[in-house]
Amino acid sequence: MTDTAAEADWTAWQGSWDRQQEWYMPDREERFRVMLDAVEATAGREPVVLDLACGTGTITDRLLRRLPGATATGVDLDPALLTIAEGHFADDRRVRFVTADLTEPRWTDALPHRGYDAVVTATALHWLDADQLRVLYAQLPGLLRDGGVFLNADHMRDESAPRLNAALDAFDEQRKERARSAGAQDWAAWWSAVAEDPALADAAHRRFALFDDPRAPSTGRAHADRPTATGWHLDALRDAGFSEARQLWCGARDALVAAVR
């Protein structure tokens, strides 16, 4: 870590990431609470947890505050988000971070453990196409102990009530616009701030080389091969070898699904 990075306020960056995400998902903390309920219920108070596509370590942060005896491995490919995570948890021996691409067949080789009590992820796997997600789901039972749980909170919709969905979508857009008028950062604005921080500029440059630049205007293109239905995920998890799978929580646009090995 450079001297500039060492002097960065990683707690502030963690907080700004949370506020930016809450602009999109005001019920974000509720899904984390339900997720950690399931971790504690299935694995007790000292679980060994794998945090997939961990970003800045949001779930790991809440896990360790709730269950101080837990240990966590965070996996991500984004150098900017990992820089924030590594800075935030620099003095915490309970946490390790791994740089890995979840779409690469041998990404699990980099993990420090071969048996986890829980695998958790939030608002991340929707970036994977259906075929990539099926492959990833098939790998997960092999990373979990018998009775271990996988928990995925992500963008999943119930399309059975289109009028209600439309009303909720309009309501949410109005909420976001009020928050933006009050100074809330969206995705593009947050990444612009990251790129302007000397402690993160290099990592941001590497991030923009790996992925689309979030500061650029969105094309608005839909990805037809990216699953959005809760039922698709439940079926795919059962097909992957999990003995049980069900929805644990849902909001207007998102859901939390759980699967037990």
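Visitor: Which residues are buried in helix H9?
Guide: In H9, which covers residues 201-210, the buried ones are Ala 203, Ala 204, Arg 207 and Phe 208. Buried means under 20% relative accessible area, exposed means over 50%, and partly exposed is in between (1.4 Å probe, protein chains only). Helices (H or I, at least four residues) and strands (E, at least two) are DSSP runs, numbered from the N terminus.

Visitor: How are the buried residues of H9 placed, seen down the axis?
Guide: They fall within an arc of 140°, so they line one face of the helix. The arc is that of the directions from the helix axis to the C-beta atoms.

Visitor: What is on the other side of H9?
Guide: Asp 202, His 205 and Ala 209 are there, and they are exposed.

Visitor: And what do the buried residues of H9 pack against?
Guide: Helix H5 (79-88) and helix H8 (187-196). Contact here means heavy atoms within 4.5 Å.

Visitor: Before going on, where does the model come from, and what counts?
Guide: This is a predicted model: local features need pLDDT of at least 70, and side-chain atom pairs count only at pLDDT 80 or more, while totals for chains, interfaces and linings use all residues. Residues are numbered from 1 along each chain as its sequence is written, and side-chain values use heavy atoms, with hydrogens and water left out.

Visitor: Back to helices. Which residues of H6 are buried?
Guide: H6 spans residues 130-139, and Ala 130, Leu 133, Leu 136 and Tyr 137 are buried in it. They cover an arc of only 120° around the axis, which puts them on the same side of H6.

Visitor: Why do residues three or four places apart point the same way?
Guide: An α-helix has 3.6 residues a turn, so residues at that spacing point the same way.

Visitor: What does H6 carry on the face turned away, and what does its buried side pack against?
Guide: The face turned away carries the exposed residues Asp 131 and Val 135. The buried residues of H6 pack against strand E5 (144-155) and helix H10 (230-239).

Visitor: New topic. Is Asp 18 buried or exposed?
Guide: Asp 18 counts as buried, because its relative accessibility is 8%. It is found in helix H2, residues 10-24.

Visitor: What is Asp 18 in contact with?
Guide: Leaving aside neighbours within four places in sequence, Asp 18 is in contact with Arg 28, Thr 58 and Arg 62.

Visitor: And where is Arg 45?
Guide: Arg 45 is in the loop between helix H3 (28-43) and strand E1 (48-52). It is partly exposed, with a relative accessible area of 49%. Not counting residues up to four places away in sequence, Arg 45 touches Glu 40, Arg 66, Leu 67, Pro 68, Gly 69 and Ala 70. The C-alpha atoms of Arg 45 and Pro 68 are separated by 7.9 Å, and the two residues are 23 residues apart along the chain.

Visitor: What about the backbone at Ala 53?
Guide: Ala 53 has a positive phi of about 50°, although it is not a glycine. It is found in the loop between E1 and helix H4 (58-66).

Visitor: Last one: how many helices and strands are in the protein chain?
Guide: Ten helices and seven strands. Buried residues make up 47% of the 261 residues in the protein chain.
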